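Hello,

Here is the structure I promised you. Please open it first, then read the notes below.

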Amino acid sequence: MIAWKTETNYNDMQTVLIISRDSEMVTVWENLFQQKNCHVISEALPDNALQTSNLLSPTLIILNLNLPQLEQIGLCKELRSTTKGTLLLLTPKEDEQEIFDYHYAGVDEHLPTSISPMALLIKSMAWLARHQ
């Protein structure tokens with residue numbers, strides 16, 4: 001019997017789903033998460049993101065779409081139903097009622113869109129550590 005050894009064991013990796021239309025930031029985040037041994041998938045459209053999340057049940061979802069509030073809340077609820085993982089939402093607004101609404105819709109943490117990639121990585125790794 002021959003045993004094959006692969007360099008990447010996807011069973012040991014945590015899956016991160018990045019939902020964003022900002023291709024430059026997605027590339028930065030993908031590189032950072034891959035360096036931390038995460039399997040990274042990115043989507044730019046809400047419908048594709050829902051389908052991907054439903055198929056993969058990611059450990060971490062980073063949602064960075066500038067959608068109208070009600071549409072964004074609906075997307076958060078739908079994403080929450082696809083995974084028991086962490087849902088991080090990046091939005092430019094800091095309104096307390098909106099933040100409450102997002103948390104009620106299943107968001108684990110709200111972060112400002114101005115967050116640095118390294119700060120997002122550190123916060124994300126803390127959330128991922130909770131799932132191990």
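Two strands pair if DSSP finds at least two bridges between them. Helices (H or I, at least four residues) and strands (E, at least two) are DSSP runs, numbered from the N terminus. This is a predicted model: local features need pLDDT of at least 70, side-chain atom pairs count only at pLDDT 80 or more, and totals for chains, interfaces and linings use all residues. Residues are numbered from 1 along each chain as its sequence is written, and side-chain values use heavy atoms, without hydrogens and water.

The sheet comes first. Strands of a sheet pair through backbone hydrogen bonds, either parallel or antiparallel. Here, five strands form an open sheet with parallel pairing, in the order β2-β1-β3-β4-β5. β2 (38-43) and β5 (109-112) are the edges; each has a single partner strand, so one side of each lacks a neighbour in the sheet. From one strand to the next, the twist averages 20 degrees. Strand β3 (residues 60-64) pairs with β4 (residues 86-91) in the parallel sense, over four bridges. L63 has L89 of β4 as its bridge partner.

Now the helices. The axes of α1 (residues 23-35) and α5 (residues 117-130) come within 11 Å and cross at roughly 45 degrees. Axes are lines fitted to C-alpha atoms, for helices over the stretch in contact, and angles run from 0 to 180 degrees between N-to-C directions. In the contact (heavy atoms within 4.5 Å), α1 uses M25, V28, W29, L32 and F33. From α5 come P117, M118, L120, L121, S124, M125 and L128.

Best wishes
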